Amino acid sequence: MNNFLDLPLHLHLVSMEMLPKDIESKLEFDKIRQILVKYCFGEDAKKYLQEAPVYHDFKRISTLLDEVESCRNLFAKNHSLSIGPYQSIKEELEWLLSKGRILEVESILKIQEVLLILDHIKFAFNEKLKLEFSPLAKIIQRIEIPSEISKAIGKIFDIDGSIKQNASPELSKIFKLIGQKSRALESSFRSILQKYQKKGWLSESLETLRNGRRVLSVKAENKRKIRGIIHDESTTGKTSFVEPDEVIQLNNDLFDLENDKRKEVYKLIKELCSFLRPYRDDILKGYEILVELDCINAKARFAIDLEAVRPKLVNKPNFGFQMAYHPLLKWMNDGQEKKTIPFNLDLHGPNRILVISGPNAGGKSVSMKAVGLLQLMTQSGLLIPVDENSEVGIFKKIYCDIGDQQSLEDDLSTYSSRLKNMKDFLSKADKEALILIDEFGSGTDPKIGGALAEAMLKEFNTKKCFGVVTTHYSNIKFFAFKNRGIVNGSMLFDKEKLKPSYILKVGKPGSSFAFEIANKIGFSKSVMQYAKRKTGKNEKAIDDLLTNLQGDKQSVERKIAELQEKENKLERLIRNYENLYAQLEFDRKKLKLERKAKNLKKADEEQSALKALIKELRQKENLEEVERMVSQKATSEKSLKNEIVALKEEVFYKDKYDIEEFTVGGFAKLREGGAVGKILGIKKNNVEIAFGLIQMQLNCKELIPTGEPIEINAKRSVTTDINFKHGFESKLDIRGYTISDGLDFVQEFLDTALIQNVSDLTIVHGIGTGKLRQAVHQKLKEYKEISKIWHPPEEFGGQGITRIQL
C-alpha cells in the first residue's frame, strides 16, 4: 500500500487519460490548484494538491467527495479540524532511519509540533462528532501514535521548544550552578561597572558581550587603566572591550558550565533519538494523516468560499449539470460582487454530444470549458458550484482542443496541429471518453473545414463518445439535427439590444448574428449589401429553417413524451381498477362466507346445548321427543354446511386446476393467504410443497400454479395515481409563506400524497433569494420514497418550481 504523500504507482490505472499534455492549463484547472494550495497549512499538502491525479475510479472519487463534504458540514456546525501551521518532517524521519544519527534540536521540535497537532485533532474529535461526521472519523481513527513518544519529547522540551532544566538530574545540577555563577557575576560586574563609570572611563554603551563573555565598553584612551583582557575593539578604534580581572574566573566557570550543559543536552537528545527510532514508521504514518487532513481541510474551505456542493455521482459517463457555474468565473465575479449566469446541461435519452452555436463572445467557449473544468474538479475529489441535484458521471478519458495550437518545434500551423489532435482523439476515443472542441472545423477554408469537422463528428458519434463542441458552421448544426445522439444548443442573444445573455439553451441551434452586429457597429450600407449578396439568401434561410425545425422537433418529442406518460398513467389506472374490483368482489364473497361460518359456529353451540337436553330427556325416558329434536338439528346443520362448501367453491375454487398442471420443481401459491411455495413431489391429487422451512401435503384444489416469486424491496412501495381522497391537489404553492410554515405545508402535502399513492407532485416556491427552495430540498431528503427531484425548463418556471417523482 502506497503512502498518501506518494503519487500512486501505475498512475495510468487510476487517473484519467488526458490529451493534450497541457489540458489542465487549457481548461484552467491549474488555476484551481493554485487557489486551492493557498488554503493549505503545510508545504507537503500544497505539493500533493499541485500534483494530485484526476481519478476515474467511482469508489475512490465517492470517498474523496464524502470526506470533503463531511469536513464542509463540520465547519457549518462551527467546528474545525484544529489544524495549524506545521513543517515537513520527512527529511528528519529519513535521517532517523540510520542508527547512530542524531537529530538537531530544531528537527525534534518540528516533530513535537506535528505530534501536538495530531493529539489535539484526536482529542477534539469526540464521540458525537465521530457519529455525525463518519467519513472524517475513519481517517482520524487511523492516528495511532503511542503516547510514550510525546511523553519522551515532553520530558526534555517545553511546549515553547526550550530545554527543561529538570530533564535529567545532571542537567538540573548544571542549571543550578549556572544560576549561582550568573548571580555572582552580575553582582561583581555591576559593582565594577559603577566604579569605572564614575571615573568616566567607559563609553556610552557601558557593556556588551564578546566571545560569549561579558565585557566593559572602555574608551580607547583608558584601556590600560583597567586590569583585564582586551577582547576586541570597535571599527572606529575609539572603544575597547575589556574583561576585568575580577570577573575572569566567574566567566570561565560559566563558560565551562555552558559546555557541560551542551554535552548533557546532546546526551539526552542522543538517547531520545534512540528511543524514537523504533517509532519512526508510526510518526511517519501520523504525519501523512495530518497532510491528508490538511488537503481535505483546504478543499472544504475552498468549497465554502465557492459555494460548492457534492453532486450526485453516477458510475457511468453522464451529463446532468443543473444550475452549474464556471468555477473560476464565479470565483472572480463573487470577489467583485458581480452576478454569474449559471447553465443547465442535462442530456436525456440517447443524446451524448452537444453542439453549441451562437455569436462570438456569447459564452460558447466558457460553457464548454466549464463542463471540462467541473468534470476535472469532481474527479479530483473537489466539490463544485452546481445544484445539489446535479448528476455528474465518470469519464476515463478527456480530450480537449482549445485555442492556438501552433507548434514551432514540430513546424506545424495552428490548423495542422488541430488536425493532429483530432487524429489522436479519433484513434483513442470510445464510449468512456469526453471530447471538448472549440470552434470545430475552423482554421481553414470553411467548406473544407466544415466537411472535415462533420466527418469527424460522425466518427465521434459512432464511437458513442460524450462531448461538447462549439461551431459557427451550418452543416455541423444541420448534421446534429439529423443524427441521433447529437443535439444542438445555443447561447441566447438579445436581438433588440444586440447583446449576449450568456444563457445556454439546449435543443435549438444559434445564429452568429454577424450581419446584425456589423450593422450596429456602423458598417456602410454598400458593404452590408455586398456581403449579403455574396452570402446569398439560401444560407440565411437554411439557418432559420434549421432553427424552426429543431423547435418543431423538440415540440413533437415533448408531446410524444407527454402522451407516453399519459398512456402509462392510464395503464396503471386500468390495472389498479381491475385489481380493486377483483379485490372488492373477493371481499364481498369472503364476508358472506365468514357470516355462514359464524352461523355454523352458532350451530355447534346449539348442538352442545342439545346434547345437554338429550341427556335430560333420557333421564325422563321420552325417546320420541329426543329423536325428533336430533333429526331437526342434523337437517339444519347439514344445510348450513352445504351452503359453506358451495360458497367456498365459488370464492376460493372458482378456477380449478388439474393435477397435470403442477410440476415438480415448479411453484404454486395457496388459494387462501397467497403464500408461494416450491413443489417437491406429486402423488395422485395431493401435492407436497415447501413454504420456506415448512413442508406439507395439500390437495391440488387448495393451490394455484404460479411462476417463481420475485424478490421485492420492502423499502419501496408500489404507487398509483388514483386519488382516494376527494379533492387532493398534486400541486402545492407556498410562495409568500415563512420557511417554517412552508415546510409544515410541504410535510403534510407529502404525507398525504404517500398515503394516497400519488406519484407526480409539484411544489411552487418561487425564486427569490433561494432560501425557501433550499429549505424545501433539504426537507425532501427526509423522504426515502422520493426517486427523482428536478426543475422544469425556464419557460415552465425553472428554479421557482420543484418537480417530484415518488
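How many salt bridges does a search of the whole structure find? In this predicted model, the search turns up 33 salt bridges.

Take Glu-186 and Arg-214 to begin with. Their side chains meet in a salt bridge, with N and O 2.6 Å apart. Glu-186 sits in helix 10 (residues 169-199) and Arg-214 in strand 3 (residues 213-219), so this pair ties together parts that are 28 residues apart in sequence.

Next comes a pair involving the loop between strand 3 and strand 4. Here Glu-233 forms a salt bridge with Lys-223, and the closest N and O atoms are 3.0 Å apart. Lys-223 belongs to that loop and Glu-233 to strand 4 (residues 228-233), so the link joins distant parts of the chain, ten residues apart. As for accessibility, Glu-233 counts as partly exposed, with a value of 37%.

Asp-245 and Arg-227 make up the remaining pair, their side chains meeting in a salt bridge at 3.6 Å, N to O. Arg-227 lies in the loop between strand 3 and strand 4, while Asp-245 lies in helix 11 (residues 245-276), so parts 18 residues apart in sequence are tied together. Arg-227 is exposed, with a relative accessible area of 65%, and Asp-245 is partly exposed, at 35%.

Terms used: Residues numbered from 1 in each chain as written. Predicted model: local features only at pLDDT ≥ 70, side-chain atom pairs only at ≥ 80, totals over all residues. Heavy atoms only, no water. Salt bridge = Lys/Arg side-chain N within 4 Å of Asp/Glu carboxyl O. Helix = DSSP H or I, 4+ residues; strand = E, 2+ residues; numbered from the N terminus. Buried < 20%, exposed > 50% of the residue type's maximum accessible area, 1.4 Å probe, protein only.
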